[in-house]
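Take a slow look at the chain below.

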Amino acid sequence: LVFADEQTDQAVVAAKTWLGLLDAKQYKESWVEAAPFFKEKVKEEDWEKMVSAVRGPLGDMKSRELIGAQHTKNLPGAPAGEYVVMQFKTAFQNKPEAVETVTPMKDDKGVWRVSGYFIK
């Protein structure tokens with residue numbers, strides 16, 4: 001899935017790289033690589049506990065496909081900025097049909113970093 005603008009492409013690459021850390025169970029690294037806004041909201045040790053409790057039972061990631069990406073400047077409860085809200089259709093070993101929502105935001109250095117992650 002290719003998007004017309006380079007910004008969105010960069011955000012997608014950042015999201016996929018970050019998801020790769022979760023897939024490899026590198027939860028501490030995923031927190032380190034997350035957006036400052038994310039780190040303000042969730043302490044590192046809390047993130048590690050939360051994500052291992054959610055992702056652990058799902059088993060290994062089998063496939064992941066980007067199914068949508070929307071550029072926005074405003075998200076509820078988040079500071080104004082540049083965001084791309086994206087959904088991935090993901091198959092895990094123990095949950096063949098999951099949807100991961102990943103929201104990278106552009107930091108003050110122009111680097112896309114994940115500011116939100118949700119799975120259902």
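Buried means under 20% relative accessible area, exposed means over 50%, and partly exposed is in between, using a 1.4 Å probe and protein chains only. Two points on the source come next. This is a predicted model, in which local features need pLDDT of at least 70 and side-chain atom pairs count only at pLDDT 80 or more, while totals for chains, interfaces and linings use all residues. Residues are numbered from 1 along each chain as its sequence is written, and side-chain values use heavy atoms, with hydrogens and water left out.

Start in a loop. Gly77 sits between strands β1 (61-72) and β2 (83-92). Helices (H or I, at least four residues) and strands (E, at least two) are DSSP runs, numbered from the N terminus. Is Gly77 buried or exposed? Gly77 counts as exposed because its relative accessible area is 69%. Not counting residues up to four places away in sequence, Gly77 touches Phe37 and Lys41. Contact here means heavy atoms within 4.5 Å. Lys73 belongs to the loop between β1 and β2 as well. Beyond four places in sequence, Lys73 touches Ala80, Gly81, Glu82 and Tyr83. Lys73 and Ile119 are 46 residues apart along the chain, and 22 Å separates their C-alpha atoms.

Now move to strand β3. Glu100 is found there, in a strand that covers residues 95-106. Glu100 has a relative accessible area of 0%, so this residue is buried. Which side chains does Glu100 join by a polar contact? One is Thr90, at 2.6 Å. Another is Arg55, at 3.5 Å. A polar contact is a pair of N or O atoms within 3.5 Å; within protein, one must be able to donate a hydrogen and the other to accept it, and residues adjacent in sequence count only if both atoms are side-chain atoms. Leaving aside neighbours within four places in sequence, Glu100 is in contact with residues including Leu19, Arg64, Phe88 and Tyr117.

Thr101 also lies in β3. With a relative accessible area of 19%, Thr101 is buried. Its contacts beyond four places in sequence include Val85, Met86, Gly116 and Phe118. Thr101 and Gly116 are 15 residues apart along the chain, with 7.8 Å between their C-alpha atoms.

Next, the helices. Thr8 has its place in helix α1. Thr8 is buried, at a relative accessible area of 4%. Find His71 too: Thr8 and His71 are 63 residues apart in sequence, yet 7.2 Å apart in space, C-alpha to C-alpha.

Rings of Phe, Tyr and Trp (its six-membered ring) pair if their centres lie within 6.5 Å; planes under 30 degrees apart count as stacked, over 60 as edge-to-face and the rest as tilted. How many aromatic pairs does this rule give? The count is four. One of them is Trp18 with Phe38, an edge-to-face pair at 6.2 Å centre to centre and 75° between the planes. Trp18 lies in helix α1 (residues 6-23) and Phe38 in helix α3 (residues 36-41), so the pair ties together parts that are 20 residues apart in sequence. Trp18 and Phe38 are both buried.

Ser30 lies in helix α2. Ser30 counts as buried because its relative accessibility is 0%. Its side chain reaches the backbone oxygen of Tyr27 at 2.6 Å.

Between α1 and α2 (27-33) comes a loop, and Lys25 lies in it. Most residues other than glycine have a negative phi. Lys25 has a positive phi, near 60°.

The structure holds one cavity of 30 Å³ or more. On a 1 Å grid over the protein atoms alone, a cavity is a set of points where a 1.4 Å probe fits but cannot get out, and lining residues have an atom within 4 Å of a point. Grid points are joined across faces, edges and corners, and a volume is the space filled by probe spheres set on the points. The largest cavity holds about 40 Å³ of space. Among the residues that line it are Lys25, Tyr27, Arg55 and Asp60.

Notes
1 Å grid on protein atoms, 1.4 Å probe; cavity = no way out; pocket = protein on both sides within 12 Å on 5 of 7 lines; lining within 4 Å.
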